[in-house]
Amino acid sequence: MKALLLSLVLVPFAALAQTPTIEISGASFRPLPVAVPAPVTQNDGAKKDAAAFDTAFTFDLTASGILQVLDRKSFTADPKEGMAAGTINFSRWADVGAEALVKVSLAEDAGALRGELRLFNVGTGREDLKVSKDAPGNNPSLLAHRLADALYRHFTREPSPFLSRIAYVRKSGANRDVVVADWDGGNPLSLTKGGINILPALGPDGSQVAFTTYRKGRPDIWVQRPNGEAKAVVADGQMATGAAYSPDGKRIAYSLAEGESAQIYVANADGSGAKAITDTPYGLNTSPTWSPDGKRIAFVSNRGGSPQIYLMGTDGSGVRRLTFQGNYNQTPDWSPRGDLIVFTARDERNAFDLFTIHVDTGKVTRLTQDQGNNEEPAFSPNGRLVVFTSTRNGGTQLFVMTADGNNQLPLRAEKGTLLTPDWAPLPEAAQP
């Protein structure tokens, strides 16, 4: 598997100091070793939330792909040392291999949980970042995501995915329900209650979800917001599946089965103005995904004899085949960065694994191998991570990894069979 496509460089940002900045480019990378001791709690209210905060915060940093979070069992520093640089024995942190030290204190007041984060350069003993965030006291993971996002932005100069949302399908018996959750699987909220509801697609605001449902006996496309009522947007008596929102949220693309074929349609987000943009009699065209500039659509078609990934304009023009390796390629998702499409392919052993293909060069990179079946990938809103399903631990779980296949971790999601994840863009409040 390829080495992580990251490089650590020192970039001057002020005349009197230098801030270590993790630039996510280049061919070599050594994750920044960082020590993250347990948060310090300032009062009893914070103590009850500390464990939930710590779990979410540590997972964010571990899954980020840019940091090596050191094992706390190796720490030799005095656990009672303070938050200020003058109270810290940095040599103790250097002894365990830490190059950065992150300290967090928590306090709860009037129902709000406040956290202060301080980042230190272990080699120089300098405080490089001090930031405070708060969140409702009943949602300590939100505070964790906000502080982790601030740290990620400090190192990379771009937003993290930690404040975004995912959607997925929970399988329970004969039922398939659509669930919306935090990016790591925390705080799950079920949108549907029973029946067959599949293939969720989150809108650009991160809350509206389009999904395929069989509640009328055939597959239609409905839309719903958390705690809102579902409404049909494509329900004209034919078999409509797999909606995908355009980057601006104004249009959807989906597949509509007609007789022995299935064509890609583009419509307004409310289902009006639908128009077929493929026309292959007896061919199947499915799984549309939009380019980040909204000008092209990638999709799966068997027009050449086997399922392959194709590209076309949003009016159906300029169709070209993208994948030529393998005979069963499916479930494409276009990176928000525009360069890559991640997809599922069946290999020579009939196992399913994940690959990326460079849109311009056609270069294919394998991301997973020899760990069960790995399917249904979706890029994070910054294009740095990929969420996917895997059977490597038995059952079907949600996993996350970096976009080059490294640092594969199970999400902190609920137990059960979880399918077809989708990752929403960042909400406007989290934009830089």
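A nonpolar core here is a set of buried Ala, Val, Leu, Ile, Met, Phe, Trp, Tyr and Cys residues joined through side-chain atoms within 4.5 Å, where buried means under 20% relative accessible area, exposed over 50%, and partly exposed in between (1.4 Å probe, protein chains only). The model is predicted: local features need pLDDT of at least 70 and side-chain atom pairs count only at pLDDT 80 or more, while totals for chains, interfaces and linings use all residues. Residues are numbered from 1 along each chain as its sequence is written, and side-chain values use heavy atoms, with hydrogens and water left out.

Let's start inside. The largest nonpolar core has 47 residues, and those with the most contacts inside it are Phe57, Val102, Leu117, Leu151, Trp183, Val400 and Leu411. Apart from it lies another core, of 15 residues, including Ile221 and Tyr254. In soluble globular proteins, nonpolar side chains tend to be buried together.

Now for a sheet. Helices (H or I, at least four residues) and strands (E, at least two) are DSSP runs, numbered from the N terminus, and two strands pair if DSSP finds at least two bridges between them. Four strands form an open, antiparallel sheet in the order β11-β10-β9-β32. β11 (189-190) and β32 (417-423) each have a single partner strand, so one side of each is left without a neighbour in the sheet. Even so, five of the seven residues of β32 are buried, so that strand is largely enclosed by the rest of the structure. Strands β9 (residues 165-172) and β10 (residues 175-182) pair over eight bridges, with Lys171 partnered by Arg176 in β10. β9 and β32 pair over five bridges, and there Ile166 has Trp423 as its bridge partner.

Trp423 also belongs to a cluster that ring pairs build with Phe59, Tyr152, Phe162 and Trp183. Rings of Phe, Tyr and Trp (its six-membered ring) pair if their centres lie within 6.5 Å; planes under 30 degrees apart count as stacked, over 60 as edge-to-face and the rest as tilted. By this rule there are twelve aromatic pairs.
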